[in-house]
Amino acid sequence: MLYGLCIVLLGIGVPYGWQLWQYYQTHESTDDAYVVSDIVPLSPQVNGTVLAVHVVDNQTVDANHILAQLDPRDFEARVKQVEAAVAVATANLRRAEIEVQLTQDSTSTDTQRTSATLRGAQIATREAQQSIAEAEARWRTTTAAVAAAIAEGDMWHARLEMAQAEFARMQSLRADGVISQQQFEAAESGLKSAQAQRRASQQRLAQAQAEVERARVDLQTRQHGVERSQARTAEAQAVLAGAQANRQTVDIKQAQVQTAQALLQQAQADLEAAGLQLSYTTLRAPVAGVIARKRLEVGQVVQAGRPVLAVVPLHRLWVEANFKETQLRHMRQGQKATLHVDAYPDQVFTGTIESLSPGTGSVFSLLPRKTLPATL
């Protein structure tokens, strides 16, 4: 009977064991896993004394929720002091602007009159200078035309000599009866054409030389005009110098306005900084979550930068699981995972492998474990 019972148990256990063995061939599991979340530490940005604390440990808060209040009186006094400085700087700027306007009104008439005279002289000078540029361009053009006419004359002179030599050769050949009358007449026509072109090039050269002379005379005339315009400009500048003596006073007043503007901007920046420091006396939750590690009590003197509590946001949780190296061979990012949480034994959660760490926890610890070099 015992033998039969063993046969029954073996018949039941073998299929189950085979399925279990198949399961662990494609699945890995570990109990070394933890549910973790971000921890957002909160530190005061100013030194101060705690007047009120509005939260307790493990309390759920929303983002921007008021957590505690520091004594704001020193910062409020600083804000009032800077507000007074802003008012003084505003008044100084207004006074400087009025002084500039009064000075401008008292000196504008003479300055406008003399400036108009100077502008007219300057415009005349510029126009005369532009006319010089035009005359110079025309002189350069005519000079280039003379050079081109000379080159053309040399060319036709050379062609005329060639035509004369060709005509003389044709006369000799015609006398010997070697060439036809038509060839002789063609040589004679070429000679006459070369002579005509030579005369035409000489005429063009003479015309270009005459244009150069006219351009030179026109350039000298316009240069004299520029000199006269520059003389009138110098006279107008001398007249304007007296009016500009009072204009310097306006420049000084305008510089005072700029200084007053800079002082006002500085006072406004100080006011913004003081208001920002005052806002720091109210500690607010940076994110929604649960209060943890609260080390904040009424009457406590806190220092800027030293954490007084932490906020743990629960809207994003993940599981950190530790596996043996032999279990990681077939694990890949994106694979599905089944999670069993001790706090909820009756529920099964599903997840996805988000990433694989490049090293174990001991490697990134404060005192990492020393390892020996590998030997190949």
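Two strands count as paired if DSSP finds at least two bridges between them. As background, strands of a sheet pair through backbone hydrogen bonds, either parallel or antiparallel.

Before going further, note that this is a predicted model, in which local features need pLDDT of at least 70 and side-chain atom pairs count only at pLDDT 80 or more, while totals for chains, interfaces and linings use all residues. Residues are numbered from 1 along each chain as its sequence is written, and side-chain values use heavy atoms, with hydrogens and water left out.

Colour strand 3 (residues 48–53) and strand 8, which run antiparallel and are joined by two bridges. If you label G48, you will find V302 of strand 8 standing opposite.

Strand 2 and strand 9 are held in the antiparallel sense by three bridges, and L42 has L309 in strand 9 as its bridge partner.

**The nonpolar cores**

Keep L309 selected and show what surrounds it. Leaving aside neighbours within four places in sequence, L309 is in contact (heavy atoms within 4.5 Å) with V40, P41, L42, L67, I291, A292, R293, K294 and L296.

Which residues touch the most other members of the largest nonpolar core? They are V61, L67, I291, L296, V302 and L309, out of 18 residues in that core. A nonpolar core is a set of buried Ala, Val, Leu, Ile, Met, Phe, Trp, Tyr and Cys residues joined through side-chain atoms within 4.5 Å, where buried means under 20% relative accessible area, exposed means over 50%, and partly exposed lies in between, with a 1.4 Å probe and protein chains only. Strand 5 (66–70) and strand 9 (309–312) each supply at least two residues of this core, and strand 5 gives the most, with three residues. Next, select A89, L93, V257 and L264, which are among the twelve residues of a second, separate core.

Move to D71, which lies in the loop between strand 5 and helix 2 (73–175). Is D71 buried or exposed? With a relative accessible area of 17%, D71 is buried. Its side chain is joined to that of R73 by a polar contact of 2.8 Å; such a contact is a pair of N or O atoms within 3.5 Å, and within protein one must be able to donate a hydrogen and the other to accept it, while residues adjacent in sequence count only if both atoms are side-chain atoms. Leaving aside neighbours within four places in sequence, D71 is also in contact with T49, L51 and T281.

Then select N64, found in the loop between strand 4 (60–61) and strand 5. N64 counts as partly exposed because its relative accessibility is 48%. N64 has a positive phi of about 75° although it is not a glycine. Most residues other than glycine have a negative phi. R293, in the loop between strand 7 (289–292) and strand 8, likewise has a positive phi, of about 55°, and is not a glycine.

**An aromatic pair**

Select Y344 and F349 and display their rings. Rings of Phe, Tyr and Trp (its six-membered ring) pair if their centres lie within 6.5 Å, with planes under 30 degrees apart counted as stacked, over 60 as edge-to-face and the rest as tilted. By this rule there is one aromatic pair: the centres of Y344 and F349 are 6.4 Å apart and their planes stand at 75°, so the pair is edge-to-face. Y344 is partly exposed at 46% relative accessible area, and F349 is partly exposed at 30%.

**A last stop**

Finish at A33 in strand 1 (residues 33–37), and draw a C-alpha to C-alpha distance to L339, which is 306 residues apart from A33 in sequence and 9.7 Å apart in space.

Key. Helix = DSSP H or I, 4+ residues; strand = E, 2+ residues; numbered from the N terminus.
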